[in-house]
Amino acid sequence: MAARATGETLRDVAPVVAVVAVFQLLVIREPFPELGKTLVGLVAVVAGLTLFVQGLRLALFPLGDGMATSFARKGSVPWLLAFAFALGFGTTVAEPALIGVADEAARARDLSGADGLRGGDYAVALRYTVAVSVGTAIAVGVIRIVRGWPIHRIIIGGYAIALALTPLAPDDAVGIAYDAGGVTTSTITVPLVAALGIGLSRSIRGRSPMLDGFGLIALASLSPILFVLVFGMVVG
Amino acid sequence: MSLLATSLTQGLAETVRAVVPIGVILAVFQFAVLRRRVPHGRRVAAGAVMVVAGLALFIVGLEAALFPIGRTMAEQLTSPEFLAGPGAVAADISWWQYYWVFLFAAAISLATTLAEPALIAVGLEAEDVSGGTVRAWPLRVTIAIGVGVSVALSMWRIVVGAPLFAFLLVGYTVVAVLTMLAPRSIVPLAYDSGGVTTSTVTVPIVTALGLGLASTVPGRSELEDGFGVIALAVMFPMIAVMGYARLSVALGRRSRRQR
């Protein structure tokens, strides 16, 4: 099993190595700087990814799935929604990529000399806005699974609203908004949230995992766009 | 070697910091609200340690092997000397001379998407849930092609200075149309595939390319034109997955008719 898992990881990582090697040696025509360090790093990448995927199967999938089943059996929708919101909010507010984006945005704003919130206050307000938006998205997504609403209306309607708001929001907020949508779905959140949705749709009668189980991640990428556009219009 | 040990400790500390809030939330709800023991608790705990250690090792490896050389390559490929020969001025370069940048952007983002751990997870889930109708590797390759096309297109957008809004408007119209045409069961998975692609491996490399290009091309600002690359990278996988599903339905119908 370990040999097969390592083989799969090698297949996952090989394209990156091939692209970098071809461009470095044939297009830029320069040797690898620090070849030894690169090779050690690659071994770490392959070993780490293999471990991660094994851990997913042992821990994150059964955990997300099991909690979804227990909540469905408990039958308390408010607690389920509280859990969904906490999961979305808690995983996003501490997300390193988001902290980076928020600090960068605050610095750019201070340079441009805009009115209103400045510096650290702006960065913190932005981070909490995005975290609340992801929490809301997971909670709405859970209501959708419980009720069986079709995902495409929410997603297409949501992007239509985002596109309509875009010309109205200040330019700097537009940039952050569309980037924030992609940044929020991190490597540990995704498997957990996916397992939650699939587990719920399996344990609620009349729901199909394919039609109702997926869609939480899509909502978590959409809602930060909407929230940050509105945040930009309010903060100015 | 001691340098590697230091960065490994740092990587581990960072990963643990990112994981602690999730762990606390899971524990509170599991024990205080659900009041249940975790089934197979030991196995889950061992798996959780593997996830954290694996992710830390993976990120440290990327920092050592991929990110420095990726950033240097992005700088070199976008420099005027490389694009149009020694002594070239950026203002005289026409958009097609950036062809190595477009090719590299497409190839590297396709490759990094295939190595994206979150996408590996979603691929496994999709294969499991669909009972094998959706297979993980072809799904991931389709998504990776979508990301590759989107990043190359974003580079072109930065070079010619086309507005992001136009791309989003046309793209999401295509998403809406494909939603009606594609098999119903693939649509939610297609939407999800947008959000999972832009993660640990892809974002740093793609950002370096965007910033390098925005600082080379005259009249572009890193702040205003560098963004939007991720927005398109979220949109294109949706189009790719629904388009591929629609196409395979059409091809399947035709081959049945021929028989």
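Reader: How do the residues lining the second largest pocket divide into nonpolar, polar and charged?

Author: This is a predicted model: local features need pLDDT of at least 70, side-chain atom pairs need 80 or more, totals for chains, interfaces and linings use all residues, and side-chain values use heavy atoms, without hydrogens or water. Residues are numbered from 1 along each chain as its sequence is written, with chains lettered from A and ligands numbered from 1 in the order written. A pocket is an open set of 1 Å grid points that fit a 1.4 Å probe, with protein on both sides within 12 Å along at least five of seven lines; lining residues have an atom within 4 Å of a point. The lining (Pro counts as nonpolar, Gly as polar, and Asp, Glu, Lys and Arg as charged) splits into 10 nonpolar, two polar and 10 charged.

Reader: Which helix gives the largest share of that lining?

Author: Helices are DSSP runs (H or I) of at least four residues. H1 and H2 of chain A, with H6 and H7 of chain B, each supply at least two lining residues. The largest share, six residues, comes from H1(A).

Reader: Which residues lie nearest the centre of the second largest pocket?

Author: The lining has 22 residues. Those nearest the centre are A:Arg4, A:Glu8, A:Arg57, B:Leu124 and B:Glu127.

Reader: Is B:Ser215 buried or partly exposed?

Author: B:Ser215 sits in helix H10 (202-216) of chain B. Buried means under 20% relative accessible area, exposed over 50%, and partly exposed in between (1.4 Å probe, protein chains only). At 47%, B:Ser215 is therefore partly exposed.
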